[in-house]
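Student: Could you walk me through this fold with a few questions and answers?
Tutor: Gladly, let's take a look together.

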Amino acid sequence: MKEVRLAYGRHGLVARVPDEAAIISPRDLPGCPDEAGAVLDALRAPSYGAPLEDLVSARGRVAVVFPDLTRPMPNRTVLPPLLAELERLGVGPDRVELLCATGTHRQATASEMAELVGEEIVSRYAIHDHRSGDGAHVEVGAVDGTPVLLDPRYVDAEVRILTGFVEPHFFAGFSGGPKGVCPGLAATETILEAHSPTRIADQRATWLVTDGNPVHDFVRAAAALAPPGLSLDVAINNRRALTAVFTGPLPDGHRAACRFVEETAVEKVDRRFDVVLTTNAGYPLDRNLYQAVKGMAAAERVVVDGGTIVVAAACADGVPAGGPFARLLQGASGPAALADAGGVSEPDRWQVQVLGRVLERADVWLHSDGLDDEEVRGAHLRPVADVSGAVAEALAGAGPRARLCVLPQGPLTVVTAAV
């Protein structure tokens with residue numbers, strides 16, 4: 001037996017697995033020796049397009065968009081040099097508003113926002129935590145006949161700057177880039193179309209695919225109706241340190257970031273595994289069960305039909321209870337009902353749809369300190385108290401030749417099986 005450290009909550013979790021288990025993680029690159037300097041270099045000499053200095057003027061408001069509390073974006077590393085550079089160019093806090101791109105996620109508490117961006121930024125800058133259902137969005141055009149409604153604070157700004165973190169995404173191809181605009185700053189009705197059951201069910205709505213992916217195509221087209229002057233995307237390593245910074249107008253800078261991340265995140269195996277042990281990459285990605293579906297979808301790619309997926313996700317925020325995801329889970333009779341959206345687009349339906357698809361392929365066992373057994377069973381999953389014991393049980397049940405794959409970083413690794 002050997003020990004493997006899993007990304008779980010804030011502090012990780014150690015599991016014991018057989019020596020022959022395949023342990024697959026993203027290639028861990030060294031961090032930039034001067035992270036602030038790397039951000040400044042990218043702003044002054046961008047990968048594509050004009051430098052920040054050419055975009056700002058002596059007047060007008062600047063909107064800076066940053067990811068919300070469900071993303072491991074190092075906002076406290078990226079935002080200070082960006083805001084300092086704006087100040088150097090004469091654009092101080094009185095002309096800058098920070099927009100937290102929540103999509104349909106919940107807003108941060110005051111303490112969570114301070115943790116997310118830092119006390120100094122909270123004290124000096126106006127911060128708006130986007131609310132998709134506040135009815136205050138403005139139409140900037142339409143995509144596939146659907147009105148694109150965005151936050152007016154973003155639309156009306158003279159200069160728009162997106163910041164984002166690029167990782168493989170289970171139905172949008174990659175995160176970052178245009179996702180900061182849609183779903184990040186979009187109205188609920190626009191988000192529902194971007195994540196419609198038809199788009200989610202398309203086989204091209206999957207990891208690493210952007211062009212021809214109906215989800216990403218919508219997102220990219222929506223962002224192009226009110227494009228940022230500058231998009232700043234970063235790649236990070238397992239310690240959340242910056243490994244690269246990409247800047248420029250969309251889609252060029254984002255495409256370059258996606259190519260870079262794909263080189264480190266993708267691994268190939270000869271065939272699928274009977275048991276897959278996965279995570280949701282730890283805090284903050286595993287803060288609730290809704291987000292943890294991503295880790296299950298990562299395991300789905302390499303588990304055999306009828307196999308077992310063991311998930312370790314802390315879920316400190318619960319399901320969350322009382323939200324649309326919890327309601328949809330409770331109202332479904334089983335995996336087939338979860339996977340079948342019936343053409344109805346509603347908040348969180350997309351996540352339920354993916355969960356149902358995963359459960360149609362494999363049993364899913366969940367270890368979580370944030371959920372009780374009843375909540376886990378209510379999500380159509382099996383609760384397990386001990387990860388190592390669950391893996392041993394699943395392997396024993398699969399027979400003497402059973403094979404185990406471990407994804408310690410969950411969805412940050414995209415594994416492709418030849419068979």
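This is a predicted model: local features need pLDDT of at least 70, side-chain atom pairs count only at pLDDT 80 or more; totals for chains, interfaces and linings use all residues.

Tutor: Residues are numbered from 1 along each chain as its sequence is written, and side-chain values use heavy atoms, with hydrogens and water left out.

Student: In what order do the 6 strands of the open sheet stand?
Tutor: Helices (H or I, at least four residues) and strands (E, at least two) are DSSP runs numbered from the N terminus, and two strands pair if DSSP finds at least two bridges between them. Pairing in this open sheet is parallel, and the order is 3-19-15-16-17-18.

Student: At about what angle does helix 14 run to strand 16?
Tutor: Contact means heavy atoms within 4.5 Å. Axes are lines fitted to C-alpha atoms, for helices over the stretch in contact, and angles run from 0 to 180 degrees between N-to-C directions. Helix 14 (residues 349-361) packs on the sheet and touches strand 16 (303-312) and strand 17, its direction making with that of strand 16 an angle of about 120 degrees.

Student: How many disulfides does a search of the whole structure find?
Tutor: A disulfide is counted when two cysteine sulfur atoms lie within 2.5 Å. For Cys-100, the closest cysteine sulfur is 16 Å away, in Cys-182, which is too far for a bond. The search of the whole structure gives 0.

Student: How are the planes of Phe-170 and Phe-171 arranged: stacked, edge-to-face or tilted?
Tutor: Rings of Phe, Tyr and Trp (its six-membered ring) pair if their centres lie within 6.5 Å; planes under 30 degrees apart count as stacked, over 60 as edge-to-face and the rest as tilted. There are 4 aromatic pairs by this rule. In the pair of Phe-170 and Phe-171, the centres are 4.6 Å apart and the planes make 45 degrees, so the pair is tilted.

Student: Is Phe-260 buried or partly exposed?
Tutor: Phe-260 in helix 10 (residues 252-265) pairs with Phe-246 in strand 13 (residues 242-248), so the pair ties together parts that are 14 residues apart in sequence. Buried means under 20% relative accessible area, exposed over 50%, and partly exposed in between (1.4 Å probe, protein chains only). Phe-246, at 12%, is buried. Phe-260 has 23% relative accessibility, so Phe-260 counts as partly exposed.

Student: How many residues of strand 12 are buried?
Tutor: Leu-230, Leu-232, Val-234 and Ile-236 point one way from strand 12, while Ser-231, Asp-233 and Ala-235 point the other way, and all are buried. For strand 12 (residues 230-236), the count is 7 of 7.

Student: Which residue in strand 13 stands opposite Leu-232?
Tutor: Strand 12 and strand 13 pair in the antiparallel sense, over 6 bridges. Opposite Leu-232 stands Thr-247.
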